[in-house]
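Q: I have a model open here and want to go through it piece by piece. Can we start with the core?

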Amino acid sequence: MAQHKFLGLMRWELEENLNLPLLAFLVASAIVATMVNYNFGSPYREYTRLYYSSGTVFLISSLVAGAFFARSFAGSIGRGTTKIVLSYPIKRSQLFLSKFLALFLVISAIYLPVFSVHVYVDGLAAFGPMVLLSLLGLLLQLSLIHI
């Protein structure tokens, strides 16, 4: 029963805060983040390019995630929907965790594939140590940005 409430809260968060223009902005920001430092036609395919471009991905993903998380939390408090939801038998921790997890999963689902395609375009080994460390860093940064 509690799991059903939690999934309902996550679905409500996705329906309320991730409509089409915002979702399109997320995808566009992910594409721009990976292509900013990309040198088209460059003859070398080294991990240095991944290193410099991943810094841009981390910066843009931090800004975008911060804006979306702040909009989600402040918007629901400003509209009064948090009071309505908390009037039901739901814990505050469940509400916070459902908002966080829903937005984290969406932002990760958008940024990780685009970053992975960037790795493939650079001709790097998909399971190389720098690639895996960069993906781990992206996940950690997205998960720790609002704690």
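A: The largest nonpolar core has 26 residues, and those with the most contacts inside it are Leu26, Phe68, Phe69, Ile107, Tyr111 and Leu138. A nonpolar core here is a set of buried Ala, Val, Leu, Ile, Met, Phe, Trp, Tyr and Cys residues joined through side-chain atoms within 4.5 Å. Buried means under 20% relative accessible area, exposed means over 50%, and partly exposed is in between (1.4 Å probe, protein chains only).

Q: Which helices each supply at least two residues of this core?

A: α2 (20-35), α3 (47-79), α5 (92-121) and α6 (129-144). Ten residues, the largest share of this core, come from α5. Helices (H or I, at least four residues) and strands (E, at least two) are DSSP runs, numbered from the N terminus.

Q: Before going on, where do the model and the numbering come from?

A: This is a predicted model, where local features need pLDDT of at least 70, side-chain atom pairs count only at pLDDT 80 or more, and totals for chains, interfaces and linings use all residues. Residues are numbered from 1 along each chain as its sequence is written, and side-chain values use heavy atoms, with hydrogens and water left out.

Q: Fine. What does Tyr111 touch?

A: Not counting residues up to four places away in sequence, Tyr111 touches Leu26, Ser29, Ala30, Ala33, Val57, Ile60, Ser61, Val64 and Leu138. Contact means heavy atoms within 4.5 Å.

Q: How many aromatic pairs are there?

A: The count comes to five aromatic pairs. The rule is that rings of Phe, Tyr and Trp (its six-membered ring) pair if their centres lie within 6.5 Å; planes under 30 degrees apart count as stacked, over 60 as edge-to-face and the rest as tilted. In one of the pairs, the rings of Phe25 and Phe68 have centres 6.2 Å apart and planes at 25 degrees, so this pair is stacked.

Q: What does the pair of Phe25 and Phe68 tie together?

A: Parts that are 43 residues apart in sequence, because Phe25 lies in helix α2 and Phe68 in helix α3. Phe25 is partly exposed at 46% relative accessibility, whereas Phe68 is buried at 6%.

Q: And Phe100 with Phe104, how far apart are the ring centres?

A: The centres are 6.0 Å apart and the planes are at 5 degrees, so Phe100 and Phe104 are stacked. Both residues lie in helix α5, four residues apart, about one turn of the helix. Phe100 is buried at 12% relative accessibility, and Phe104 is buried at 15%.

Q: Which residues form the aromatic cluster?

A: Phe69, Phe73, Phe96, Phe100 and Phe104 form one cluster.

Q: Stepping back, how many helices and strands in the protein chain?

A: Six helices and zero strands. Of its 147 residues, 44% count as buried. Among contacts with a separation of 6 or more, 83% are between residues 24 or more positions apart.

Q: What about the accessible surface of the protein chain, how many Å²?

A: About 8500 Å², of which 73% belongs to carbon and sulfur atoms. The areas come from the Shrake-Rupley method with a 1.4 Å probe, and for residues only the protein chains shown count as cover.

Q: New topic, Glu16. Buried or exposed?

A: Glu16 is buried, at 19% relative accessibility. The residue lies in helix α1 (residues 2-17). Glu16 touches Ser76, Arg79 and Thr81, not counting residues up to four places away in sequence.

Q: Which side chain does Thr82 make a polar contact with?

A: The side chain of Ser76, at 3.1 Å. A polar contact is a pair of N or O atoms within 3.5 Å; within protein, one must be able to donate a hydrogen and the other to accept it, and residues adjacent in sequence count only if both atoms are side-chain atoms. Thr82 is in helix α4 (residues 81-86) and is buried at 15% relative accessible area. Leaving aside neighbours within four places in sequence, Thr82 is in contact with Ser76, Ile77 and Leu95.

Q: Last one: how far apart are Ala2 and Gln94 in space?

A: They are 9.4 Å apart, C-alpha to C-alpha, and 92 residues apart in sequence. Ala2 lies in helix α1 and is partly exposed, at 47% relative accessible area.
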